[in-house]
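Have a look at the model first, then come back for the notes.

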Amino acid sequence: MMLKISKLLLLLPALLGVLLMAGGCNKVLSLLRFDVKDTQSFTVPAAYPYGTVPVTLPAVTVNSTSTTTYANNNTKAQYVQDVKLEELTLTATSPAGQTFDIVKSVKLYISTDAMGTNKVLMASLDNVPKGATSIQLNPAPDTKLDTYLQNSSYALTSEVLLSTHPPQDVVVRVDSKFSVAASLP
C-alpha cells in the first residue's frame, strides 16, 4: 500500500502539468481571429503645393465597422488583444481615370482623434508606380493598433509628396483590412 501511494506522489506533478496544459489550451481555443474592414475617402486639393516637401492633408474621421464586427464575433472592444493592419489600398475615384502619377510618396497615419492625439504611422509607399489608379501601401512593421480600433471611430492623416499639381481636386478612397485577435467575454 505504501508503494502505491509513493508512485501516485511521483505521478502527481505530471498530472498537474497535463491539467494545466489542458486549461491553457482552452484559453488558446477561445481566442477569436477575424478581420475589420473600413472604407473612407479624402480629397487632395488642386491648390496644394508640390515639390520636395511633403504636404499634410487634414485628418479625416473614419466611422469604423469595428463595434459591429466585434458584436458579430461575440466579443467587445475591451477583449481585443491584438490588431494589425493587413492591407491598405488607395484608389483614385474622382475625377474619372485619375491616376497616382501626381504622387511621389504617401504616408498614412492613424490616431484616436482628428487632432492627431497618439498619431502613429500606419502604412506608407515610396516611389508610387506611374499609371496606377489603385495602390497598395506597406503596413508599418510591428505597429499594434489595438487602441485605435477600440472606439467606433478613428482619424487618418495623410502626408503626401506630390510630383505635380493635381489639375483638379482628387478624391481618394482608403480601403483598410485589420486582423484582430480577441478573447470571448
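Where does P95 lie? P95 sits in the loop between β4 (80-94) and β5 (103-111). What you're looking at is a predicted model, where local features need pLDDT of at least 70 and side-chain atom pairs count only at pLDDT 80 or more, while totals for chains, interfaces and linings use all residues. Residues are numbered from 1 along each chain as its sequence is written, and side-chain values use heavy atoms, with hydrogens and water left out. As for the labels, helices (H or I, at least four residues) and strands (E, at least two) are DSSP runs, numbered from the N terminus.

- Some background: most residues other than glycine have a negative phi, and most peptide bonds are trans.
- The peptide bond running from S94 to P95 is cis, and its omega is near 0°.
- N118 isn't a glycine, yet its phi is positive, at about 50°.
- You'll find N118 in the loop between β5 and β6 (120-125).
- With a relative accessible area of 35%, N118 is partly exposed (buried means under 20% relative accessible area, exposed over 50%, partly exposed in between, with a 1.4 Å probe and protein chains only).
- D142 is another residue other than glycine with a positive phi, this time near 60°.
- D142 belongs to the loop between β8 (138-139) and β9 (153-162), and it's exposed, with a relative accessible area of 77%.

**Aromatic pairs**

- How many aromatic pairs does the structure hold? There are two, where rings of Phe, Tyr and Trp (its six-membered ring) pair if their centres lie within 6.5 Å; planes under 30 degrees apart count as stacked, over 60 as edge-to-face and the rest as tilted.
- F34 and Y70 make an edge-to-face pair, 6.0 Å centre to centre with 70° between the planes.
- That pair links distant parts of the chain, with F34 in strand β1 (residues 31-44) and Y70 in helix α2 (residues 66-72), 36 residues apart.
- F34 and Y70 are both buried.
- The ring centres of Y154 and F178 are 6.1 Å apart and their planes are at 85°, so this pair is edge-to-face.
- Here too, distant parts of the chain are linked: Y154 is in strand β9 and F178 in strand β10 (residues 170-183), 24 residues apart.
- Y154 counts as buried at 2% relative accessibility, and F178 counts as buried at 0%.

**A charge over a ring**

- The charged end of K119 sits over the ring of Y109, 4.8 Å from the ring's centre (the cut-offs: NZ of Lys or CZ of Arg within 6 Å of the ring centre and within 35 degrees of the ring normal).
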